[in-house]
Amino acid sequence: MTAAAKKPAQRILWLEALRIIAAFLVIVNHTNSDLFKAADPSQSTWHLSILWYYLSKLAVPLFVMISGAVLLERQDSFRKVLARVGRVLIALVAASYLYFLYDAWVYWGLWPRAIRLDILFLQIARMEITDGFWYLYFYLAVLITMPLWQWLHRRMTQTQRLNLIAFCFALNAVLPLIGHYVPRLALLENPMLAYIPLGYLGLLFVGDQVRHYLTIRKHTGIAAIAALTLSLLVAWLLTLLEYGRVAPGEKYWFMDHRMIPALPVICEAIAAMVLAKCIAERSKQRAAAADEATEPSRRSKWLAEMGGCAFGIYLLQDLLIAETEKRLFLPMTAQMPAMVAVVIWEIVVFVVALAIVWLLRRIPFVRKIL
């Protein structure tokens, strides 16, 4: 192999920026909902919290699109796939043990619970460690099936890929929304169809399309901002309408479904990715016009490093949320509006998680996992 072949692939900075944003939005998703549940549409907190909540729903679609942007065009060997799956499995077990020790410390006493590995692996198998880890199981399924999607990608024309995306979104996003209001058209009430994540398959291919095939034009960024804003407002409006349609105490944020991402959320996520690419292209054009050096700047290196911390932030955030809710968030609500308090809380959790993961990644073998 040549020296060039041995050189590690350079990170795509706008995708790293999206990883950072998605990691923060995971924290928002896990901290914000209690605000609108405790309020009603007569209060500004309800409206702000709903908007913030549906913005946070971008997190998982963004992670999926980033995977598509990075992996779909490759032709990975079995060894490479196994290495990726192994890394996530090691991260799952290690992080699960950390949560297992935390629960033992809080509820049962650390010893001898700490050595009950039979209970640990039973909880891992049952997906009972922490609610936020559902995505790890989903991501493992994505990685295991990735050779199939790569094979499909290679054998499809551009038109066929776009048709596949349209089919996935129509069946897994458009029809559920229509079916909610016209029950006779609720085709995805079938339990088997309801858990086939076609929406995420579509997002996987969208990520590849945006990275490799989207041409950035003069007004693409403005269109992306408009689409993002409009989709967010549609999610807010539909939730407001639903509030008046359901009985008191029933769930009115009906578009919140893990495996069937709502159509407004899909549109938000695509718009956010397009906007990120627009910003990156504009920055590249400005740098070329100014005849700046092509060597990575210090800011670029920091962005790449922070993007590399996103996975670790996701792994730690549930634990940090549990530890800081009563120590930080609840005391702050007595001193300031709840919406302000929750945003500060989310930023603190993100910064602390980032600092911890950054330090852990100084350890070579940990860096290979996080």
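The structure holds 12 salt bridges, a salt bridge being a side-chain nitrogen of Lys or Arg within 4 Å of a carboxyl oxygen of Asp or Glu. This is a predicted model, so local features need pLDDT of at least 70 and side-chain atom pairs count only at pLDDT 80 or more, while totals for chains, interfaces and linings use all residues. Residues are numbered from 1 along each chain as its sequence is written, and side-chain values use heavy atoms, with hydrogens and water left out.

Glu 16 turns up in two of the pairs looked at here. Its side chain meets that of Arg 11 in a salt bridge at 3.2 Å, N to O, and that of Arg 19 in another at 2.6 Å, N to O. Arg 19 and Glu 16 are 3 residues apart in helix H2 (residues 13–29), so about one helical turn separates them; helices (H or I, at least four residues) and strands (E, at least two) are DSSP runs, numbered from the N terminus. As for cover, Glu 16 counts as buried, at 3% relative accessibility, whereas Arg 11 is partly exposed at 40% and Arg 19 is partly exposed at 22%. Here buried means under 20% relative accessible area, exposed means over 50%, and partly exposed is in between (1.4 Å probe, protein chains only).

Further along, the side chains of Glu 305 and Arg 362 meet in a salt bridge at 2.5 Å, N to O. Glu 305 lies in helix H15 (residues 298–308) and Arg 362 in the loop between H17 and helix H18 (364–367), so the pair ties together parts that are 57 residues apart in sequence. Glu 305 is buried, with a relative accessible area of 12%, while Arg 362 is partly exposed at 40%. The pair also belongs to a network of salt bridges that links Glu 305, Arg 361, Arg 362 and Arg 367.

On the nonpolar side, Val 340, Ile 344, Val 348, Val 352, Ile 356, Leu 360, Ile 363 and Phe 365 form a surface patch with about 590 Å² of accessible area together. Patches are made of residues with over 30% relative accessible area and no salt bridge, with like charges joined within 9 Å and nonpolar side chains (Val, Leu, Ile, Met, Phe, Trp, Tyr) within 5 Å. The areas come from the Shrake-Rupley method with a 1.4 Å probe, and for residues only the protein chains shown count as cover. Helix H17 (residues 338–360) gives the most to this patch, with 6 residues. Val 352 sits in helix H17 and counts as partly exposed, at 37% relative accessibility.

What about the cysteines? A search of the whole structure finds 0 disulfides, taken as pairs of cysteine sulfur atoms within 2.5 Å. The sulfur of Cys 168 is 15 Å from the closest cysteine sulfur, in Cys 267, which is too far for a bond. Cys 278 is in no disulfide either, its nearest cysteine sulfur, that of Cys 267, being 16 Å away. Cys 168 is buried, with a relative accessible area of 1%, and Cys 278 is buried at 9%.

Finally, confidence: the chain averages a pLDDT of 91, and 93% of the residues score at least 70, pLDDT being the predictor's confidence in each residue, from 0 to 100. Over residues 1–8 the pLDDT is below 50, and this stretch has 1 contact in the model beyond near neighbours in sequence (contact means heavy atoms within 4.5 Å).
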